[in-house]
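Please keep the sequence and the structure in view while reading.

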Amino acid sequence: MTAAIEAEGLTKTFGGELLALNGVGFTVEEGTVLGLLGPNGAGKTTTVRVLTTTLVPDSGWARVNGLDVVKDANKVRSSIGLAGQYAAVDANLTGRENLRMVGQLFQLSRKDASRVADELLEHFNLTEAANRPSKTYSGGMRRRLDIAAALVVRPPVLFLDEPTTGLDPNSRTAVWQVVEDLVANGTTVLLTTQYLEEADRLADNIVVVDRGAVIAEGTPATLKATLGETVLDLGFSDVVAASAASKLFVSSWPAPPVLDGSTLELPIDAGPSQVMMALRKLDEAGMAPTSMTLREPSLDDVFLSLTGRRAELGEDN
Amino acid sequence: MTSIVLPQAATPVKRSKLRRSINDCIVVTERNLVAYVRIPDQLFFSSVQPIMFVLLFRYVFGGAIATPGMSYVDYLMPGIFVQSLLFGCVSTSVGLAEDLQKGLIERFRSLPMARSAVLFGRTISDAVRNVFVMILITVVGFAVGFRIGTSIGLYLVAFALLILFAFCFSWVFAFIGLSASNSETAGLMAFPILFPLTFASTAFVPAESMPTWLRWFAEHQPVSIAVNATRGLMQGGPGADTTHWVVMTLIWSAIFLVVFVPLAVWRYRRVG
């Protein structure tokens with residue numbers, strides 16, 4: 001396998017003070033998805049900006065498709081697509097005009113640019129809105145247009161900077177579907193996200209960044225196994241009932257249950273069958289919880305276990 | 001969504017570096033002009049201001065200002081032309097600052113396009129808009145009694161000279177727009193530059209009426225020079241050395257370009 005993206009020891013300081021990148025380095029194999037996971041201000045966007053040639057690092061180097069992002073910047077630009085919170089579409093242009101403009105800036109003929117624009121609009125379910133200024137689009141539509149704009153020349157490497165931040169669940173699923181399609185067609189994707197769930201679903205590998213440095217790296221499964229776990233929260237009518245239920249699991253459960261007031265927290269590491277087993281145990285003992293929640297580990301949990309402090313999540317960097 | 005395959009990639013047209021830059025510049029210019037057409041209120045309000053200045057000076061201040069050798073309206077209109085076009089340069093800085101703020105420049109910078117295209121696209125589309133403003137102010141001028149004292153030919157020379165002068169001057173504002181922290185600031189930063197240049201000039205009153213120190217500035221600064229050239233071309237005065245003022249205007253235009261195009265492109269490369 002060859003590397004589509006390589007970065008080594010990237011540093012970047014803004015205004016002489018703020019250390020945005022402090023030695024970030026990783027490798028993304030061709031045709032795989034890397035999830036760059038981290039809270040606000042961790043350096044995700046700065047990393048993407050260096051890799052997409054819009055920001056020159058203070059030190060370190062990076063190559064995309066084997067080309068140096070500083071020395072061969074213009075060649076790199078011809079083979080990448082960028083979409084996300086910082087690379088926008090023009091609000092005054094229609095969806096079709098936006099895509100055609102990008103095509104023409106890739107030196108496509110007007111005719112080719114129009115054809116590609118129409119095909120992309122159809123692919124992204126935007127044909128009906130094609131002739132409306134993009135400022136009338138919903139958040140999900142704008143994001144799809146944004147991704148479409150990054151795909152005009154079918155780049156082998158695609159950068160998605162927080163592609164689903166601020167989207168409703170349906171739009172988020174639609175964006176995920178798009179990414180999965182692209183990867184199935186051989187595109188290499190680097191996506192930044194604040195959501196462990198998103199990285200888990202899409203990424204082959206996850207790099208966790210904090211304060212401009214890589215603090216953990218691995219497949220979603222390894223990271224989750226070491227850093228966070230799914231938890232089944234069982235609520236009971238009172239503390240007495242909860243502690244009675246807790247006794248059922250103390251010796252027999254793979255990981256120790258946690259009693260928090262009238263809530264019993266059961267770690268789940270073997271999927272739905274283990275949840276069913278828990279419920280069966282309660283049923284056999286004649287106990288019934290009043291509430292039940294299955295909690296996926298969040299970036300916050302991962303962060304807490306890696307750094308001992310909570311991640312500061314939000315919409316903007 | 002999954003049932004439809006992604007479009008086949010199209011092959012880029014093989015072009016020389018210069019042809020690519022020209023293509024990029026045309027594409028960006030077109031994009032800016034579409035915005036002007038699509039937000040007509042912006043165009044409307046940028047036209048209202050020069051019209052108000054015409055009416056203000058023609059009817060409010062004009063009676064109190066003595067001009068040698070010609071009626072005040074004929075003296076005034078060349079000044080209004082220059083002022084309107086230069087005030088229009090504010091949209092160059094605001095437009096670029098907005099593109100920066102909204103992340104459009106970030107997208108442009110990630111594309112394999114000419115680094116200067118976004119800036120030329122902006123300044124050229126603003127020059128196109130200025131043609132519209134020039135025509136509008138001419139019509140308004142005629143309505144309030146302005147007449148060309150020379151010939152249509154010389155009026156058109158003045159027209160072209162001012163469009164060129166404003167185009168070159170707008171590069172100052174391209175640099176400002178890329179240096180401002182946001183579009184509001186970019187708009188505000190323009191006025192400390194525009195007010196002294198347009199008002200401490202020969203645009204509205206003869207420099208003779210000013211105190212000596214101010215008079216020296218008013219007589220030598222570029223806006224006065226462009227106004228004098230315009231006045232000479234349209235009215236055949238002051239004096240007969242119109243050619244001198246036209247040449248001086250061209251020299252100032254060249255200075256703006258030579259200094260501010262590299263500065264703006266340098267700023268564009270490292271902005272953000």
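## A helix pair in chain B

In this predicted model, helix α7 (residues 152-179) of chain B packs against helix α11 (residues 242-270) of chain B at an angle of about 25 degrees, and their axes lie 8 Å apart. Because angles under 35 degrees count as roughly parallel, α7(B) and α11(B) are roughly parallel to each other. The crossing in which α7(B) passes α11(B) is left-handed.

On the side of α7(B), the residues that meet α11(B) include Leu161(B), Phe165(B), Phe169(B), Trp171(B) and Phe175(B), while those contributed by α11(B) include Val246(B), Phe256(B), Phe260(B), Arg267(B) and Tyr268(B). The residues of this contact between α7(B) and α11(B) divide into 18 nonpolar, 3 polar and 1 charged.

## An open sheet in chain A

Chain A holds an open sheet of 6 strands with mixed pairing, in the order β6-β7-β8-β3-β9-β10. Strands β6 (80-84) and β10 (213-218) of chain A stand at the edges and have a single partner strand each, so one side of each is left without a neighbour in the sheet. From one strand to the next, the twist averages 15 degrees.

Within this sheet, β7 (residues 157-161) and β8 (residues 188-193) of chain A pair in the parallel sense over 5 bridges, with Val157(A) standing opposite Thr188(A) in β8(A).

## Helices packed on the sheet

Helix α5 (residues 139-150) of chain A packs on the sheet and touches β6 and β7 of chain A, its direction making about 165 degrees with that of β6(A). Helix α6 (residues 169-184) of chain A also packs on the sheet, where it touches β3 (33-37), β7 and β8 of chain A, and the direction of α6 makes about 155 degrees with that of β8(A).

Methods: Residues are numbered from 1 along each chain as its sequence is written. Chains are lettered from A and ligands numbered from 1 in the order in which they are written. This is a predicted model: local features need pLDDT of at least 70, side-chain atom pairs count only at pLDDT 80 or more; totals for chains, interfaces and linings use all residues. Two strands pair if DSSP finds at least two bridges between them. Helices (H or I, at least four residues) and strands (E, at least two) are DSSP runs, numbered from the N terminus. Axes are lines fitted to C-alpha atoms, for helices over the stretch in contact, and angles run from 0 to 180 degrees between N-to-C directions. Two residues are in contact if their C-beta atoms, placed from the backbone, lie within 7 Å. Angles under 35 degrees count as roughly parallel, over 145 as roughly antiparallel, 65 to 115 as roughly perpendicular and the rest as oblique. A crossing is left-handed if the near helix is turned anticlockwise from the far one by less than a right angle, and right-handed if clockwise. Ala, Val, Leu, Ile, Met, Phe, Trp, Tyr, Cys and Pro count as nonpolar, Asp, Glu, Lys and Arg as charged, and the others, Gly among them, as polar.
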